[in-house]
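Subject: Structure handover

Hi there,

Here is the structure I promised to pass on.

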Amino acid sequence: MNKLKVFAVLCLISAAAYAGGYRVSTQSNKQLAMGHTGVAVVNSADVLFFNPAGLVHLENKLNVSVGGFGVFSDVNYQNENTGAFAETDSPVGTPFYAYASYAVSDSFAVGLGIYTPYGSNVTWPTDWEGSHLVNEIELQAIYIQPTLSYQIFENVSLGVGAMIAIGGVDFNRNASRSLTDEQGNRSNVAISDSGVTGIGWNAGILFTPTDNLSIGFNYRSLIDIESEDGEATFSNFPNSPLVPANGTQGFTATLPLPAEATLGVAYTTEKWLFAFDYNRAFWSEYENLDIVFADGSESINPRNYKDASAYRLGVQYLATDALTLRAGYYFDESPVQSGFFAPETPRNDSNGYTFGFSYAFSPRFAIDASFLYLRFKEITESYDFYSDPGAAPAPFRGTYKSRALIPGIGITYSM
């Protein structure tokens, strides 16, 4: 493979890999309103995601919880040296969840959850200054989790579940900073795949030393998403043996969705509930990404992600028999290290401010609402691993300002 073909492949791989850095913490309206705490909180069937050991503690025999969110996000990019400015025009993201639990006996419960812990849309203006890194990316992953929960002692319960991940990605970028076809159209590279699956597991334990205090731990395993039937499309390339031919070919790749562990504590009174969770995501698993194209070429690219922590606080207040109010805050560290900051993942350390409520229309039905304001710290950083054919590396540097507004609504049912 000549140098320009290798260059085009390397850049494409970079963008696909950075998509793996997205984690969307929107797995419950109740828990998101409390800073997305929940490892030691038993509220509804939503506990199936946060700690499967809590499922057996639900009061009702049947519990169902369904909900969704709208993710409104924007990113501003500014190059202070060139004066270039760009702003994303990303479509609204729509993560969702559905959980159901059934108490087989006083000490044994089963459940099923469907949720979207990874997924994002980022759309930059076509041919913007960073179009050689990304124009548009859409990543999605849906998890299906069958779960068992068992109380082994009076104060200790265990839970375990399988996780089946179904993912897909669409991505496109310009092939270089200047390459065009004979008509002046920017050469473009795109990849697309869907229905990619991976399997993992999760397990949790819940300890309730007193009626008011509970302590939980949950571990969710690494899942490798292995793409084997995707398509890579090269378009608007000039008619030359020195560049890739226009057309489509297959590729294979493995994208890790990292393991994470969470330790939490909750304390309740007659009207109040206080919760704290510490979460550690093991992003250091993401060191490199190997891509093999149908023509036999292979490329290995460093990612060098680091493990990252999140600190979460939440509070709940029973205002009336029907109305429950919630609020929370969390600080979430970015796994991206200096020099690896690409516009595919325009995010930095973030502060999340949350609130919401539940209103019970009857003993069986309640509506749950939440709102998250997510503010990323402004950052001036670069992506240092890009170079045109035969040229020295050309870091892409700029200042990024990002934020997201995420309202959500859901329904819970118990019987």
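Let me start with D74 and R403, which form a salt bridge whose closest N and O atoms are 3.1 Å apart. This pair links distant parts of the chain, with D74 in strand β2 (residues 72-78) and R403 in strand β21 (residues 396-414), 329 residues apart. By salt bridge I mean a side-chain nitrogen of Lys or Arg within 4 Å of a carboxyl oxygen of Asp or Glu. R403 counts as partly exposed because its relative accessibility is 35%; the classes are buried under 20% relative accessible area, exposed over 50% and partly exposed in between (1.4 Å probe, protein chains only).

Before going on, some housekeeping. This is a predicted model, so local features need pLDDT of at least 70 and side-chain atom pairs count only at pLDDT 80 or more, while totals for chains, interfaces and linings use all residues. Residues are numbered from 1 along each chain as its sequence is written, and side-chain values use heavy atoms, with hydrogens and water left out.

Searching the whole structure gives three salt bridges. Another of them joins the side chains of R186 and D127 at 3.9 Å, N to O. Here R186 sits in the loop between β7 (156-174) and β8 (188-207), and D127 in the loop between β5 and β6, 59 residues apart. The side chains of K401 and E378 also meet in a salt bridge (3.9 Å, N to O). K401 belongs to strand β21, while E378 is in the loop between β19 (365-376) and β20 (379-383). Strands here are DSSP runs (E, at least two residues), as are helices (H or I, at least four), numbered from the N terminus.

Now for two asparagines. N29 lies in helix α2 (residues 29-32) and counts as buried because its relative accessibility is 0%. Its side chain makes polar contacts (N or O atoms within 3.5 Å; within protein, one must be able to donate a hydrogen and the other to accept it, and residues adjacent in sequence count only if both atoms are side-chain atoms). The partners of N29 include the side chain of Y97 at 3.0 Å and the side chain of S370 at 2.7 Å.

N135 is in the loop between β5 (108-123) and β6 (136-153), and is buried with a relative accessible area of 5%. The side chain of N135 reaches the backbone nitrogen of D127 at 3.5 Å, and a 3.3 Å polar contact joins the side chains of N135 and N174.

Best wishes
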